[in-house]
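This report describes selected surface and aromatic features of the structure shown below. Notes on model confidence follow at the end.

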Amino acid sequence: MATDNRNEVEDDKLTVEVPETAHQISTDSWFQAGFVLTTGINSVFVLGYSGTIMVPLGWIGGVVGLLLATMVSLYANMLVAKLHEFGGKRHIRYRDLAAQIYGRKAYSITWALQYVNLFMINIGYLILGGSALKACYVLFEDDHTMKLPYFIAIAGFVCTLFAIATPHLSSLRVWLGCSTVLSLIYIIVACVLAAKDGTNASSRDYSIPGSSTSRIFTTIGASANLVFAFNTGMLPEIQATVRQPAVKNMLKALYFQFTVGVVPMYAVTFIGYWAYGSSTSTYLLNSVSGPVWVKAAANISAFLQSVIALHIFASPTYEYLDTKFGIRGSALKLKNLSFRIGARGGYLAISTLVSALLPFLGDFESLTGALSTFPLTFILANHMYLVAKQDKLSYLQKLWHWLNVAFFGLMSIAATVAALRLIAVDSKEYHVFADL
């Protein structure tokens with residue numbers, strides 16, 4: 001149900017203004033929000049962390065890095081969650097929060113950072129969904145007639161159908177349960193088959209590959225993957241769906257995400273690396289051996305889960321389009337249905353084309369993470385909290401937040417350099433519409 005910018009809600013005797021939106025606000029429990037966050041953290045991306053995090057960092061760097069990234073990410077997200085009602089208004093979009101604190105110029109900058117970040121995440125889901133379908137196909141056929149771009153196109157078509165049938169983030173209710181089951185299928189299969197392979201293997205090589213120079217860049221890139229693993233870049237949009245008290249309930253959802261929610265991700269990441277060492281694939285199901293039907297089920301589950309997860313990260317774009325063009329009322333109205341087919345279909349058609357054109361876009365994911373994920377999740381979170389609460393913070397607290405801003409600013413610059421180097425190296429090896 002649409003809300004009007006004159007509407008207000010009562011929260012602990014404080015009147016909080018709710019901005020205009022075509023999507024639902026304050027309808028979901030903290031538990032549902034926790035499952036939305038957990039769906040993101042245990043999406044099909046987890047099947048790559050053994051190869052993209054553990055291989056470049058090794059046991060000590062990988063384990064310590066994941067634990068530190070968990071704590072730092074929880075802290076940064078808590079800062080953003082606590083600012084949700086800053087100034088007596090619910091900030092249901094990241095750009096709205098930035099504009100409230102910094103002024104209107106920050107609105108456009110934050111909007112650009114966030115939507116580039118979410119677009120690239122969705123590109124990743126399309127590539128991974130297509131890769132999962134291809135991995136299933138090659139289990140039964142070895143003629144290589146079907147190339148990766150074809151499977152990415154199929155993934156894009158299925159995502160379009162799902163986007164048309166699911167009008168907004170709150171309507172994912174039953175699908176979040178399906179997503180959890182699907183995640184458990186491919187995570188359990190990957191863990192069990194990898195553990196079996198690891199038990200039967202005589203020895204593994206855990207040395208960090210590459211020369212001294214290349215290790216520096218891969219370590220920085222892996223650090224960017226560490227923070228990417230835990231952060232959505234759209235926390236205010238998810239918090240907007242939570243019932244009052246919005247801040248308290250969102251903190252509960254974050255505690256759920258960073259305790260119960262991280263266990264499956266830790267398990268598949270560590271077991272995969274333990275089983276295969278430095279030879280671990282960037283898509284773990286390509287490394288495991290076992291019954292064909294079991295691997296097929298895991299790959300199909302990974303594909304279907306990527307469809308649901310993509311919808312979560314595309315929802316801010318859908319909300320913007322629906323609100324701008326006044327799409328309200330029943331989702332089945334001919335006008336609303338036609339608009340979703342045209343707008344969402346067009347958005348996903350462009351996303352699918354880019355995914356198929358550049359299926360090695362993982363390199364560009366690292367660049368986007370450096371240019372937008374670091375700033376959105378860590379630099380902005382700390383600085384916004386510093387500006388918003390400056391009169392209530394002690395000198396040491398202010399110093400702490402400034403240190404965070406400086407450190408993650410340097411990390412963003414370093415990760416950008418590392419990503420550009422990786423793009424330069426890989427651009428000599430791959431071509432457009434490549435069958436990877």
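W59 belongs to a nonpolar surface patch with I60, V64, L67, L68, M71 and W274, which together have about 690 Å² of accessible area. Helix α2 (residues 49-82) supplies the largest share of this patch, six residues. V64 lies in helix α2 and is partly exposed, at a relative accessible area of 42%.

The structure holds 24 aromatic pairs. Two of them are set out here.

| Pair | Centre distance | Angle between planes | Geometry |
|---|---|---|---|
| W59 and Y206 | 5.8 Å | 55 degrees | tilted |
| Y75 and W400 | 6.2 Å | 65 degrees | edge-to-face |

W59 is in helix α2 and Y206 in the loop between α6 (173-200) and α7 (212-228), so their pair ties together parts that are 147 residues apart in sequence. Y206 is partly exposed, with a relative accessible area of 27%. Y75 in helix α2 and W400 in helix α14 (residues 395-426) likewise link distant parts of the chain, 325 residues apart. Y75 is partly exposed at 29% relative accessibility, as is W400 with a relative accessible area of 45%. Separately, W30, F31, F35 and F256 form one aromatic cluster.

In the loop between α8 (235-239) and α9 (246-257) lies P245; the peptide bond from Q244 to P245 is cis, with omega near -5 degrees.

The chain averages a pLDDT of 86, and 92% of the residues score at least 70. Over residues 1-14, pLDDT stays under 50. Where pLDDT is low, the predicted coordinates should not be read in detail.

Notes
Residues are numbered from 1 along each chain as its sequence is written. This is a predicted model: local features need pLDDT of at least 70, side-chain atom pairs count only at pLDDT 80 or more; totals for chains, interfaces and linings use all residues. Side-chain values use heavy atoms; hydrogens and water are left out. Patches are made of residues with over 30% relative accessible area and no salt bridge: like charges are joined within 9 Å, nonpolar side chains (Val, Leu, Ile, Met, Phe, Trp, Tyr) within 5 Å. Accessible areas come from the Shrake-Rupley method with a 1.4 Å probe; for residues, only the protein chains shown count as cover. A salt bridge is a side-chain nitrogen of Lys or Arg within 4 Å of a carboxyl oxygen of Asp or Glu. Helices (H or I, at least four residues) and strands (E, at least two) are DSSP runs, numbered from the N terminus. Buried means under 20% relative accessible area, exposed over 50%, partly exposed in between (1.4 Å probe, protein chains only). pLDDT is the predictor's confidence in each residue, from 0 to 100. Contact means heavy atoms within 4.5 Å. Rings of Phe, Tyr and Trp (its six-membered ring) pair if their centres lie within 6.5 Å; planes under 30 degrees apart count as stacked, over 60 as edge-to-face and the rest as tilted.
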